[in-house]
Amino acid sequence: MTTILVIDDDALARQQLGELSGGPLDLQFLWASTGAEALELTLRRGPDLILLDAQIPDADWPDILRTLQKEARDIPIVLTTSRKSTGQAVQAFRAGACDYVSKPLGPSNLVETIRRAREEMKVRGERDRLSEQLMATTETLRRQQQELNAVHSIGRLTTSLLDLDVVLDRLTEIALHMTDAQESMLFLMDESEEMLQLRAGKNLGGKIGEGFELAIEGTAAGRAIRTARPVLVTGDQAHIAPGCAFEALLYVPLQAPDRVIGVLTLSSHRHEDIFSERDIFLLSTLVDYATIAIQNARLFENVAESKSLMDNVFSSVTSGVLTLERDNCISLINGAARRILQAADADVGERLAEACPTLDRELRPLVETTRRQGEPVGPLELDLLLPSGNVANLRMTLSPLRQGARSTDGVTIVLEDLTRQRKLESRFRLFQRYLSPTVIDRLPDDPQELSLGGVRRDIACLFADLRGFVDFSVRHPPERLMETLNEYLGLGAEAVLAEEGTLDKFVGDAVVAFFNAPLTQENYVLRAVRAAVTITEATKELHVRMSPEHRLQYGIGVSVGEAIVGNIGTSQRFDYTAIGPSVNMANRLQAAAKPGQILITPEVYRRASAHITARPLVLQGVTGPEGPIHAYELLTLS
């Protein structure tokens with residue numbers, strides 16, 4: 001049996017449908033005359049189909065439809081009407097109806113309507129299922145991307161060879177983010193290779209302090225070191241020290257080329273199966289990168305004893321690195337430093353003043369300060385004249401060179417070439433002068449994501465056009481014409497941007513802008529009105545310091561309504577703009593406005609009436625599709 005809820009107070013319609021009860025169609029009807037009654041029956045009886053009449057007196061059928069669709073998404077809703085219209089059909093489908101049919105419904109029409117409704121709901125269900133699958137897949141890809149980014153971050157640490165503690169701290173932090181563990185610890189093997197020393201940890205909460213040591217023999221950590229494979233222990237075996245027990249402990253060995261140098265340890269208090277195979281795989285990859293970073297950092301700490309090995313390591317560093325001895329002789333320089341400084345022939349034993357005179361002059365006071373204070377200097381930026389005559393923008397850090405825990409007279413200089421980055425930043429600042437800030441903020445990181453098309457938005461649109469500019473252009477030379485035009489357009493643009501509007505374009509001597517797109521804004525109608533008033537007031541202030549022959553006035557129009565906002569043009573060149581009747585109306589209003597006058601639509605007045613005073617008027621000689629255009633002249637803004 002198919003149960004149909006009919007929301008209709010038409011007695012004849014009820015009689016016609018009631019005659020179809022039971023019978024060969026096996027139908028059962030429920031009756032409701034109001035939205036509340038329909039909702040109560042829907043929730044209590046769960047009909048198979050809902051027929052909603054569009055002519056219910058004293059009721060708004062779109063509200064009823066949206067309410068039912070929200071509370072019972074799986075029940076198809078069909079709007080029935082005795083007077084079909086395209087607009088009503090569009091409204092019905094937007095509100096969530098799955099069909100739109102004419103009354104009266106005979107047996108064959110009703111059967112067909114039920115069939116279409118079921119088919120539509122089947123399609124909707126499949127769409128929802130596919131959407132859920134897509135969301136789940138997207139979340140999985142997002143998690144995997146996060147994990148890969150974390151591993152890549154540790155990989156980048158191999159180029160930061162200056163501070164072992166930073167490497168270890170970063171490793172324990174990223175390992176926590178990659179898993180659901182509660183604590184992370186990193187142990188390195190001591191010189192005796194019998195004990196593991198705690199070197200870094202996260203979220204330990206004082207349970208395990210600095211200097212804690214873990215035996216290798218007879219422990220799960222020792223098994224991970226001995227087998228060079230991750231070891232997971234749970235239950236009673238998951239403990240490190242007395243009073244420090246967990247539900248699960250995972251030991252991941254740090255495998256150097258010739259031996260294991262330590263273990264990364266993750267713990268959980270919650271449940272035993274917290275670590276998945278993927279967690280173990282990613283952590284194993286992570287510690288491979290980390291092992292390289294740790295080894296390189298150790299090599300840097302022992303630079304005086306391992307020069308040959310350090311030369312090989314530094315050759316792979318993208319930042320320029322050079323070390324200076326007491327008399328500013330170069331004791332170490334990598335290929336990146338030679339490239340950045342354009343000093344291809346610079347070599348160990350050569351004085352910095354001979355290898356790179358300009359750098360020596362700039363850094364000599366800083367080198368002496370670093371030696372004297374025994375503390376790092378920087379990072380600082382420096383514009384350095386190169387042998388080629390070009391200027392390089394450099395960021396550098398100077399650090400005292402240490403032999404173990406003892407400072408020496410050596411100084412390490414790390415250079416980063418920012419020249420290309422600064423050029424890009426300069427071009428971006430120039431680019432900002434051509435586009436509205438809101439449009440720049442909307443640009444995606446990947447240019448491939450830019451595409452033509454738009455979205456329907458309710459926007460406030462502003463057109464401001466200079467009156468008498470054509471005559472003005474005839475009477476003045478082009479240079480003066482351009483200077484004056486820029487002054488007027490400049491104050492118009494500043495007024496729009498001050499209200500966080502989108503500056504669409506300059507059309508000759510006109511400023512075009514809109515509000516509430518691409519970003520949603522509160523009080524966007526009032527923002528447009530305030531911008532219009534600011535333009536008028538700024539024009540008056542400009543006239544105070546301007547000769548009478550150069551004084552021009554804006555005519556301004558402001559409208560509000562739906563428009564299509566987006567990228568319009570071709571795949572090679574397009575603009576972010578708005579099109580639609582409301583945009584055209586703002587243009588027509590400004591065309592009708594007198595110098596210094598602001599005309600707004602009745603809808604703008606209605607939405608901003610609490611903040612403005614205005615007088616109604618009918619535009620003379622201007623008509624629209626429905627006859628004369630009614631507008632308001634803005635008088636004051638509170």
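The turns below take the labels one by one.

Analyst: First, the ground rules. This is a predicted model, where local features need pLDDT of at least 70, side-chain atom pairs count only at pLDDT 80 or more, and totals for chains, interfaces and linings use all residues. Residues are numbered from 1 along each chain as its sequence is written, and side-chain values use heavy atoms, with hydrogens and water left out.

User: Why is V558 called buried?

Analyst: Its relative accessibility is 1%. Buried means under 20% relative accessible area, exposed means over 50%, and partly exposed is in between, with a 1.4 Å probe and protein chains only. V558 therefore counts as buried.

User: Where is V558, and what is it in contact with?

Analyst: V558 sits in strand β22 (residues 553-569). Strands are DSSP runs of E with at least two residues; helices are runs of H or I with at least four; both are numbered from the N terminus. Contact means heavy atoms within 4.5 Å. Leaving aside neighbours within four places in sequence, V558 is in contact with C461, L462, A528, A532, L589, L599, I600, T601 and V604.

User: What makes a nonpolar core?

Analyst: It is a set of buried Ala, Val, Leu, Ile, Met, Phe, Trp, Tyr and Cys residues joined through side-chain atoms within 4.5 Å. The largest one here has 42 residues. L462, Y488, I535, Y554, I556 and V558 touch the most other members. Helix α17 (residues 524-544) gives the largest share, 10 residues. Another core, of 30 residues, lies apart from it and includes L250, L264, A290 and A293. In soluble globular proteins, nonpolar side chains tend to be buried together.

User: How do you know that α16 passes α17 in a right-handed crossing?

Analyst: A crossing is left-handed if the near helix is turned anticlockwise from the far one by less than a right angle, and right-handed if clockwise. The crossing of α16 and α17 is right-handed. Helix α16 (residues 478-498) packs with α17 at an angle of about 145°, their axes 9 Å apart. Axes are lines fitted to C-alpha atoms, for helices over the stretch in contact, and angles run from 0 to 180 degrees between N-to-C directions.

User: Which residues of α16 and α17 make the contact?

Analyst: On α16, they are E487, Y488, L491, G492, A495 and V496. On α17, they are A531, T534, I535, A538, T539, L542 and H543. They divide into 8 nonpolar, 4 polar and 1 charged. Ala, Val, Leu, Ile, Met, Phe, Trp, Tyr, Cys and Pro count as nonpolar, Asp, Glu, Lys and Arg as charged, and the others, Gly among them, as polar.

User: What makes β12 and β13 a pair?

Analyst: Two strands pair if DSSP finds at least two bridges between them. Strand β12 (residues 248-255) and β13 have 8 bridges, so they pass that cut-off. Their pairing is antiparallel. A hairpin of 4 residues joins β12 to β13, and Q255 has V260 as its bridge partner.
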